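Reader: Could you walk me through this structure, taking my questions as they come?
Author: Gladly; here it is.

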Amino acid sequence: MAALDSLDRRLIDAYQRDLPLCERPFAAMAERLGTSEAEVIERLQALQHDQVLSRVGPVFDHARAGASLLAAVAVPEAERDRVAAAINRSPGVNHNYLREHDFNLWFVMTAADELQLEARLEALEEELGYAVLRLPMVAAYHIDLGFPIPWDELETP
Amino acid sequence: MNGLISTATATFTATAFRASACPERLRSLLERGLPLTERPWRALAEQCGMSESEVLVWVERWQREGLIKRLGLVVRHHALGMRANAMVVWDLPDAAVAEVGRQLAAEPAVTLCYRRPRRLPAWPYNLFCMIHGARRERVLAALDGIVERHDLQDVPRRVLFSLKAYKQCGGRYTREKQP
């Protein structure tokens, strides 16, 4: 794990949501955290560089932003990394995880609309040679607010 | 006179273009995140032919309308050391799934909770929730507590821990070309 100091943690704790919507958001954040705008920008750049942050910006609502669905394929272990790489290359794929199940590769496919989504899935299915399990969201019961990071738990060996 | 008309036409065309093409362009840029500079909105504005204040108005509107769920730091939990990421799937009677979904969503350990269709015979599960933690034992202990609190001992379930993240980034919903 990247070594994060107290300022990094306070940034993450305070700003997984409610980034100030103003001309100089990083200055506003710096003021609240008692540091400088340049320091905030530098920290965010470093966190992004170290892949602790995937980005600073909006999280769009999948259901409203376009079409998306959770998909899975069941792939023999010997084929796994090759198929995962092909999934990663496929346009519209964001998350792609290896999980403990016969359906072992789980990914989210996104597109501008349902038509493009299905076209992307069909193209991918053809390329992979495996059937893709399609699991669209029917209802969401949880609002994504960015959950608190359990820093203590992460430090326990 | 002719000059005036063509200027007016040009202005009208530019306005029509701005009303339709630019928000889409802005969204596409936003999916990749803010530039980390002093005036990030101005930098985006320059790239999509808007003013800084127009960009702020669009983002404020998308937040209000719910297109943007949250605006801030998007953390890669895996990189932080939160390696235990369990997708817990449940096979609930259709009549019970919404109620249980709401109960699970209210649990602090649950970070996402969705209903999805069954795909029989391969996939009988219709409720999905995510539990993140630093370690597997903690996640499983949290799950035990949830099962007990909501009387879910008899509901068939599977816990799919993630073993590896091949990819973790934001969605790409717009039709804009990737720069």
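What follows is a conversation about the chains, their sheet and a few backbone details.

Reader: Before I trust anything, what kind of model is it, and how are things numbered?
Author: This is a predicted model, in which local features need pLDDT of at least 70, side-chain atom pairs count only at pLDDT 80 or more, and totals for chains, interfaces and linings use all residues. Residues are numbered from 1 along each chain as its sequence is written, while chains are lettered from A and ligands numbered from 1 in the order in which they are written.

Reader: Okay, how many helices and strands are in chain B?
Author: Chain B has five helices and five strands, where helices (H or I, at least four residues) and strands (E, at least two) are DSSP runs, numbered from the N terminus. Read from the N terminus on, the elements of chain B follow the order α-α-α-β-β-α-β-β-α-β.

Reader: And what share of chain B is buried?
Author: Of its 179 residues, 35% count as buried; a residue is buried if 20 or more other C-beta atoms lie within 10 Å of its own, exposed if 12 or fewer, and partly exposed in between, with C-beta atoms placed from the backbone.

Reader: Switching to the interface, how many residues of chain B are in contact with chain A?
Author: There are 65 residues of chain B in contact with 66 residues of chain A, two residues being in contact if their C-beta atoms, placed from the backbone, lie within 7 Å. The largest share of the side of chain B that touches chain A comes from strand 5 of chain B, with nine residues. By class, that side of chain B has 35 nonpolar, 12 polar and 18 charged residues; here Ala, Val, Leu, Ile, Met, Phe, Trp, Tyr, Cys and Pro count as nonpolar, Asp, Glu, Lys and Arg as charged, and the others, Gly among them, as polar.

Reader: What is the strand order in the sheet?
Author: The open sheet of nine strands has the order 5(A)-2(A)-4(A)-3(A)-5(B)-2(B)-4(B)-3(B)-6(A), with antiparallel pairing, and two strands pair if DSSP finds at least two bridges between them. Its edge strands are strand 5 (133-135) and strand 6 of chain A, each of which pairs on one side only.

Reader: Which helices pack on it?
Author: Helix 5 (residues 80-89) of chain A packs on the sheet, touching strand 2 (67-73), strand 3 (93-99) and strand 4 (105-111) of chain A together with strand 5 of chain B, and its direction makes about 165 degrees with that of strand 3 of chain A. Helix 4 of chain B packs on the sheet too, touching strand 6 of chain A together with strand 3 and strand 4 (127-133) of chain B, with a direction about 165 degrees from that of strand 3 of chain B. For these angles, axes are lines fitted to C-alpha atoms, for helices over the stretch in contact, and angles run from 0 to 180 degrees between N-to-C directions.

Reader: Which residues pair where strand 6 of chain A meets strand 3 of chain B?
Author: Strand 6 (residues 139-140) of chain A and strand 3 of chain B pair in the antiparallel sense over two bridges. A139(A) has R115(B) as its bridge partner, and A140(A) stands opposite Y114(B).

Reader: New topic: where is the cis peptide bond?
Author: The cis bond joins L120(B) and P121(B), with omega about 5 degrees, and P121(B) is found in the loop between strand 3 and strand 4 of chain B.

Reader: Which residues other than glycine have a positive phi?
Author: Among them is Q51(A), with a phi of about 65 degrees, in the loop between helix 3 (37-49) and strand 1 (53-60) of chain A. Another is D151(B), with phi near 60 degrees, in the loop between helix 5 (136-149) and strand 5 of chain B.

Reader: Why does Q51(A) count as partly exposed?
Author: Q51(A) counts as partly exposed because it has 13 C-beta neighbours inside 10 Å, whereas D151(B), with 10 other C-beta atoms within 10 Å, is exposed.
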